[in-house]
Amino acid sequence: MAARLAVAAAAFPLVASAGSAPVPREVDRLPTHRKLVALTFDGGGDTASGTALILKTLRRRRVPATFFLAGRWIRLHPALALAIGRRYPIGDHTFDHADQTGLSSGQIRADVRRGAWWIRIKTGRNPRPLFRFPYGARDQRTIAVVNSMGYASVRWSVDTWGWMGRAEGQSVGSVVRRVADQLEPGAIVLMHVGVAKDGSLLDAAALPRVISLVRARGYRFVTLDKFVHAPR
């Protein structure tokens with residue numbers, strides 16, 4: 001997974017220059033200089049072990065967040081998906097959570113549409129214009145495909161690495177430190193609702209400390225739907 005997350009690490013331009021052909025639209029931070037930060041949680045694999053704890057923490061601390069859920073994850077965990085949809089915006093994360101760069105443009109469209117169908121049917125949410133590529137793997141072609149469907153590609157400015165687990169040298173402390181070291185106005189933080197391969201729940205366990213840290217520095221939490229818009 002680490003290799004896939006490293007694919008095309010630099011963000012593509014957000015808008016086209018005057019007189020040029022349209023360029024892919026992608027967002028990796030909020031367009032603001034204010035002390036605002038967006039927590040985002042991905043649900044793409046089969047596991048959901050950290051979800052209940054994450055939802056409990058967000059509710060108790062009154063923190064808004066945005067979720068990116070794959071259709072397959074929703075099919076496996078419909079009750080959790082419904083609970084998420086009652087409170088939080090949900091972005092499209094495809095259905096199969098496959099590396100989209102290995103698919104044809106037609107296959108990408110089908111995967112994105114199927115993912116959106118599950119989100120709408122099981123949560124009542126419309127995911128558009130929020131979309132996140134599985135593993136962060138994308139290129140100009142794949143971004144252009146989702147842009148043509150009314151989605152902006154949403155990446156992140158902070159990856160907690162909680163998904164790597166203790167077996168790969170991570171800890172609750174390292175999750176908090178990565179947020180602390182990379183926190184800036186408009187930050188988009190990537191966390192996950194499932195367990196790491198070694199069974200650890202670092203993102204879920206670290207979330208209370210992350211929230212306290214961010215608030216102690218004078219930041220306010222926001223959701224992506226207020227800042228990310230469909231490509232024009």
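Visitor: Contact here means heavy atoms within 4.5 Å. In the protein, what percentage of the contacts with a separation of 6 or more is accounted for by residues 24 or more positions apart?
Guide: The structure is a predicted model, and the protein it describes has eight helices and nine strands. Of its 232 residues, 54% count as buried. Among contacts with a separation of 6 or more, the share that falls to residues 24 or more positions apart is 75%.

Visitor: Within what arc do the buried residues of α2 fall, seen down its axis?
Guide: Helix α2, residues 51–61, has Thr-51, Ile-54, Leu-55, Thr-57 and Leu-58 as its buried residues. Seen down the axis of α2, these residues line one face of the helix, because they fall within an arc of 160°.

Visitor: Which exposed residues does α2 carry on the face turned away from its buried side?
Guide: The buried residues of α2 pack against strands β2, β3 and β8 and against helices α3, α4 and α8. On the face of α2 turned away from that buried side, the exposed residues are Ala-52 and Arg-60.

Visitor: What is the handedness of the crossing in which α2 passes α4?
Guide: In α2, Thr-51, Leu-55 and Arg-59 meet Leu-80, Ala-83, Ile-84 and Arg-87 of α4. By class, this contact of α2 with α4 has four nonpolar, one polar and two charged residues. The crossing in which α2 passes α4 is left-handed.

Visitor: How many nonpolar, polar and charged residues does the contact of α5 with α6 have?
Guide: The axes of α5 (residues 105–123) and α6 (residues 140–148) come within 10 Å and cross at roughly 50°, which means that α5 is oblique to α6. Helix α5 passes α6 in a right-handed crossing, and the contact is made by Ser-105, Ile-108, Arg-109 and Val-112 of α5 together with Arg-141, Thr-142, Val-145, Val-146 and Ser-148 of α6. Sorted by class, the contact of α5 with α6 has four nonpolar, three polar and two charged residues.

Visitor: What is the phi of His-97?
Guide: Most residues other than glycine have a negative phi. Thr-94, in the loop between β4 and α5, is not a glycine and yet has a positive phi of about 70°, and at 0% relative accessibility Thr-94 counts as buried. His-97 also lies in the loop between β4 and α5 and counts as buried because its relative accessibility is 12%. The phi of His-97 is positive as well, near 60°.

Visitor: What is the omega of the peptide bond from Arg-128 to Pro-129?
Guide: Most peptide bonds are trans. Pro-129, in the loop between α5 and β5, is joined to Arg-128 by a cis peptide bond, with omega near 15°.

Definitions and conventions:
Residues numbered from 1 in each chain as written. Predicted model: local features only at pLDDT ≥ 70, side-chain atom pairs only at ≥ 80, totals over all residues. Heavy atoms only, no water. Axes fitted to C-alpha atoms, helices over the stretch in contact; angles between N-to-C directions. Helix = DSSP H or I, 4+ residues; strand = E, 2+ residues; numbered from the N terminus. Parallel < 35°, antiparallel > 145°, perpendicular 65-115°, else oblique. Left-handed = near helix turned anticlockwise from the far one by under 90°. Nonpolar A, V, L, I, M, F, W, Y, C, P; charged D, E, K, R; others polar. Buried < 20%, exposed > 50% of the residue type's maximum accessible area, 1.4 Å probe, protein only. Arc of directions from axis to C-beta.
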